[in-house]
Amino acid sequence: MLSASLIERMNAQITLEFFSSNLYLQMSAWCDHKGYPGCAAFLAQHASEEYQHGRKLFTYVTETGGLAVIGAVEAPKTQFAGIQEVFDQTLAHEVGITAKINALVKQAMDESDFATFNFLQWYTAEQHEEEKLFRNILDRIRVIGADGKGIYWIDKEIGKLAKGAAAG
Ligand code: OFO
């Protein structure tokens, strides 16, 4: 059984994961609208993953006898200056999520809730992968450039990541 305080924080994380999903889906809409289908496909796929992150937490809270509660999900931003800003913001967002997951892990450890500590290890590993992924995308943007013809190639490169993730 989760402590009341841990349930509250896990519920806040569920809400945050659904926000992440909406944020990336909204970013994918902006990319589609601007004519960047590769980025749109990648971000839409990532939005589905975030939804699953929320559902996995939701199931865990429920299975451990807590009441999963979905809070108000903030509306995501709809306009971006360009691809660089979109991916700068995805990385910043993921770094913030990592801090939230770390705080949850620490609380589970402090409470000697080893089942929850163990459950959260999946999120710890996932955050490492996600930060790595978004840093890699920003590196590609820096090398190829997001102006003029560069944007065409960047969009193709990021689109390949979406296909890779789908196949993996
Ligand atoms: Fe992007 O990993 Fe969940 O939030």
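Begin by selecting helix H1, residues 4-34, and helix H4, residues 114-144. In this predicted model, H1 passes H4 in a left-handed crossing. Orient the view so that both helices can be followed along their lengths. Their axes lie 14 Å apart, and the packing angle is about 25 degrees. Angles under 35 degrees count as roughly parallel, and H1 and H4 are therefore roughly parallel to each other.

Next, display the side chains where these two helices meet. On the H1 side, select Leu-6, Met-10, Glu-17 and Tyr-24. Their counterparts in H4 are Thr-116, Phe-119, Leu-120, Tyr-123 and Phe-134. Sorted by class, this contact of H1 with H4 comprises seven nonpolar residues, one polar residue and one charged residue.

Finally, select helix H3, residues 83-110. How far does H3 reach from its first C-alpha to its last? The span is 41 Å for 28 residues, close to the 40 Å expected at 1.5 Å a residue. Conclude the tour at Ser-112, which follows H3 and has a positive phi, near 55 degrees.

Notes:
Residues numbered from 1 in each chain as written. Predicted model: local features only at pLDDT ≥ 70, side-chain atom pairs only at ≥ 80, totals over all residues. Heavy atoms only, no water. Axes fitted to C-alpha atoms, helices over the stretch in contact; angles between N-to-C directions. Helix = DSSP H or I, 4+ residues; strand = E, 2+ residues; numbered from the N terminus. Parallel < 35°, antiparallel > 145°, perpendicular 65-115°, else oblique. Left-handed = near helix turned anticlockwise from the far one by under 90°. Contact = heavy atoms within 4.5 Å. Nonpolar A, V, L, I, M, F, W, Y, C, P; charged D, E, K, R; others polar. Expected span 1.5 Å × (residues − 1).
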